[in-house]
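I begin with the display below.

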Amino acid sequence: MLVKTIRPELFHLKTRVSINVKKILTLINDIIEKSSPDNFPVILFSSESNYKDIVNRIYNYSPKDENDLYEWLRKISTSEQVGMQIAQIQKWNEELHEEISLLTDKIKKKVSLDDCYLSSSIIAGNYGYTPYGVHKDNDEFVAAIHYNLGPGEKHMALWKPDLFYQLTGSWKPYDRPIDIIDHADIYTYKQDEGFILPYDDYHIGFADEFSISIVSIVYEKKTTQTNSR
Ligand SMILES: [Fe+2]
């Protein structure tokens with residue numbers, strides 16, 4: 001079983017891989033053109049109290065003519081910390097999806113997961129803790145692979161399930177990571193570094209510096225689920 005062989009692990013690829021930021025801005029523009037504020041299909045990480053306000057600003061400040069993703073994110077956010085997660089890239093922009101697939105093919109080879117199916121999303125920002133709380137991924141995942149394209153560094157905090165239960169008294173997601181962070185194993189992955197996260201560890205990602213990363217949920221080939229977080 002693949003699940004039993006996967007441990008938390010940092011890795012490097014032999015050759016540097018970059019994704020053109022302009023293509024990510026074009027992707028966001030494509031999504032804006034094909035959707036509406038009522039069903040904006042991108043998860044935003046923001047401390048703003050009114051989520052709708054930030055979504056409306058996205059539709060008012062399309063990134064069509066922008067060249068810098070971080071500058072654009074700062075335009076649409078009133079808070080210092082901001083981020084977004086874009087899933088199902090193939091649905092919106094085939095060209096970028098192909099480019100990301102080239103990267104994930106290299107990752108699969110590197111971490112010996114050739115028999116798996118990867119569902120990838122983009123996470124970008126300097127968002128602090130992700131808004132999902134400390135959680136455990138779906139049992140159908142084999143693992144999640146995070147690959148940091150930079151420029152800033154990112155971190156993943158991990159708790160073994162028994163320790164998490166001992167600390168929080170529950171198996172449910174926990175939304176005050178700061179209370180239990182001192183008990184976590186923390187992995188830092190810098191630009192051009194990847195991290196393999198086993199499905200059964202409780203975890204939360206955090207990033208104080210701006211970075212763009214590709215997050216690939218790993219399924220055994222027979223499954224086709226595309227949800228991720
Ligand atoms: Fe997760």
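Which residue in S8 does Lys154 stand opposite? I looked this up and found Tyr189 opposite Lys154.

Before going further, I noted that this is a predicted model, in which local features need pLDDT of at least 70 and side-chain atom pairs count only at pLDDT 80 or more, while totals for chains, interfaces and linings use all residues. Residues are numbered from 1 along each chain as its sequence is written.

**Entry: terms for strands.** I took strands as DSSP runs of E, at least two residues, numbered from the N terminus. I counted two strands as paired if DSSP finds at least two bridges between them.

**Entry: the open sheet.** I found four strands in the order S5-S10-S7-S8, with antiparallel pairing. At the edges I noted S5 (128-129) and S8 (185-189), each of which pairs on one side only. I recorded five bridges between S7 (residues 154-159) and S8, in the antiparallel sense.

**Entry: strand S3.** S2 (residues 43-46) runs antiparallel to S3 and is joined to it by four bridges; here Ser46 has Val82 as its bridge partner. S4 (residues 116-125) also pairs with S3 in the antiparallel sense, over four bridges, and Ile122 is the bridge partner of Ile86.
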